[in-house]
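Subject: Structure handover

Hi,

Here is the structure for your files. My notes follow below it.

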Amino acid sequence: MFHSSQSKLLLVESDPLLSDLTSFRLELLGFQIETLNSGSDALSSLSRELPDLLIMGTELRDGDGIELVARLRTKNPPEQLPILICSLDSSLETVERAFAAGAQDYLITPYDPSVLEQKIQDLLQAYRSAVRKNRPNLNAKTGSVR
């Protein structure tokens, strides 16, 4: 289990209603959330600070969200930036394209809020495990690295 209040999420979604509903739901769950509606705004935000999880829509104001995920993956491996794609498109082709671009999960909208919450929990748990695995353990008595 993780503490949602410590998790920073970035939601990039051009549909204002879906963005508002999703961010409201996530705020109720205790997440810190930043919402953006374009790929260029997302790139700018990500250049300043990486969130604990990126939730990306496929159709952005200024481009294709899946193409943006592929660009992000050249610099940010899944251990640094977990990505969940949300889309109205349930076609196998689009889902496969999202995973090939580097998304760890895919959620078809409209979605069940409990499914969204479970997917986020799973991705954040995997992210935190990867962070712990890559961080050296300090020996409490000697201060040495194990």
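Ser 87 counts as buried because its relative accessibility is 3% (buried is under 20% relative accessible area, exposed over 50%, partly exposed in between, with a 1.4 Å probe and protein chains only).

Some ground rules before the rest. This is a predicted model, where local features need pLDDT of at least 70, side-chain atom pairs count only at pLDDT 80 or more, and totals for chains, interfaces and linings use all residues. Residues are numbered from 1 along each chain as its sequence is written, and side-chain values use heavy atoms, with hydrogens and water left out.

Confidence: the mean pLDDT of the protein is 89, and 88% of its residues reach 70 or more (pLDDT is the predictor's confidence in each residue, from 0 to 100). Over residues 138-146 the pLDDT is below 50. That stretch has ten contacts in the model beyond near neighbours in sequence (contact means heavy atoms within 4.5 Å).

Back to Ser 87. It sits in strand 6, residues 83-87 (helices are DSSP runs of H or I with at least four residues, strands are runs of E with at least two, and both are numbered from the N terminus). Its side chain makes a polar contact of 3.0 Å with the side chain of Thr 58 (a pair of N or O atoms within 3.5 Å; within protein, one must be able to donate a hydrogen and the other to accept it, and residues adjacent in sequence count only if both atoms are side-chain atoms). The Ser 87 side chain also reaches the backbone nitrogen of Asp 89, at 2.9 Å. Leaving out residues up to four places away in sequence, Ser 87 touches Thr 58, Tyr 106, Leu 107, Ile 108 and Thr 109.

Asn 76 lies in the loop between helix 3 (65-73) and strand 6. Asn 76 counts as buried, because its relative accessibility is 12%. With the sequence neighbours up to four places away set aside, Asn 76 touches Leu 50 and Leu 81.

Now helix 1, residues 16-28. Its buried residues are Leu 18, Ser 19, Thr 22, Ser 23 and Leu 26. Asp 15 caps the N-terminal end, with a side-chain oxygen 2.9 Å from the backbone nitrogen of Leu 17. Gly 30 follows helix 1 and has a positive phi, near 100°.

Best wishes

Terms used. The expected span of a helix is 1.5 Å times one less than its number of residues.
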